[in-house]
Amino acid sequence: MKNKILFIIFFSLFLSSCSKQTMYNLRQDGITLVEEEKYEEAIKKLNDSLILGDGDITDFQLDILLYKAECEYRLAHYDKAKELYKVLLTIDKNNKEYEKLYNASLTYEKLLNAKKALDNNNIDEAEKLLNDVRNSGLENDKSYLFNEIILMEKRGLYKEALSLINKYLITYPDDNEAIKEKDFIALRTMNIIEPTTQAKEEETTTKTN
């Protein structure tokens, strides 16, 4: 009976040791995949490693969460990245790096939502989101600049949109989507009917009288 109990204890310890080794191996595999920029595969490995943990929040688990958050961020899954950085901040509230990454994820999430709003012609919502993005310091971001152009266009402010897209193409001359958009805006600008000189004079006369 005593030998049986010892065997059970030994076997349990052996399984625990194997499980921990597998957990560490999976984490390392995940990190390697992150370095190879294979982010979706990396997330799977990191998740498997977390599952084998004992549920306690340790530096090991925090490290995995940090790598997971980076993967989601690189994949432009800003909503998921934001939530992971939020979890990390609840554990380490004074970590400035976590706070910076959380705010960046939040801002880029708003930028994505602004594009969706523009695609659905929710102009007011898009403008509010773009204002938030600009106030967060991303006014020179490529995606922000392009969405600002689309906003101007959808507002019917074609001359302003054309001016913005000309500046945009100086910085990004190989952006084919922007080149096509410029042609579209230019056509709309040409269709704007300017008052004739005679009409302007008549309007001035009317106001004077």
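Colleague: How many helices and how many strands does the secondary structure of the chain come to?

Modeller: Read along the sequence, the predicted chain follows the pattern α-α-α-α-α-α-α-α-α-α. Buried residues account for 31% of its 209 residues. The secondary structure comes to 10 helices and 0 strands.

Colleague: How are α2 and α3 oriented, roughly parallel or roughly antiparallel?

Modeller: Helix α2, residues 39-51, and helix α3, residues 59-74, have axes that come within 9 Å and cross at roughly 155°. Angles over 145 degrees count as roughly antiparallel. The crossing angle therefore makes α2, relative to α3, roughly antiparallel.

Colleague: What is the handedness of the crossing in which α4 passes α5?

Modeller: The axes of α4 and α5 come within 8 Å and cross at roughly 155°, and because of that angle α4 is roughly antiparallel to α5. The crossing in which α4 passes α5 is left-handed.

Colleague: How many nonpolar, polar and charged residues does the contact of α4 with α5 have?

Modeller: On the α4 side the contact is made by Y78, D79, A81, K82, Y85, K86, L88 and L89, while α5 contributes Y98, E99, L101, Y102, S105, L106, Y108, E109 and L112. Sorted by class, the contact of α4 with α5 has 11 nonpolar, 1 polar and 5 charged residues.

Colleague: Which helices do the buried residues of α5 pack against?

Modeller: Helix α5, residues 96-119, has 24 residues and reaches 35 Å from its first C-alpha to its last, close to the 34 Å expected at 1.5 Å a residue. Its buried residues are Y98, S105, T107, E109, L111, A114, A117 and L118. These buried residues of α5 pack against α3, α4, α6 and α7.

Colleague: Which helices do the buried residues of α7 pack against?

Modeller: At 1.5 Å a residue, the 13 residues of α7 should span 18 Å, and its end C-alpha atoms are 19 Å apart, which agrees. Within α7, the buried residues are Y144, F146, N147, E148, I149, I150, L151, M152 and E153. The buried residues of α7 pack against α5, α6, α8 and α9.

Terms used: Residues numbered from 1 in each chain as written. Predicted model: local features only at pLDDT ≥ 70, side-chain atom pairs only at ≥ 80, totals over all residues. Heavy atoms only, no water. Axes fitted to C-alpha atoms, helices over the stretch in contact; angles between N-to-C directions. Helix = DSSP H or I, 4+ residues; strand = E, 2+ residues; numbered from the N terminus. Parallel < 35°, antiparallel > 145°, perpendicular 65-115°, else oblique. Expected span 1.5 Å × (residues − 1). Buried < 20%, exposed > 50% of the residue type's maximum accessible area, 1.4 Å probe, protein only. Contact = heavy atoms within 4.5 Å. Left-handed = near helix turned anticlockwise from the far one by under 90°. Nonpolar A, V, L, I, M, F, W, Y, C, P; charged D, E, K, R; others polar.
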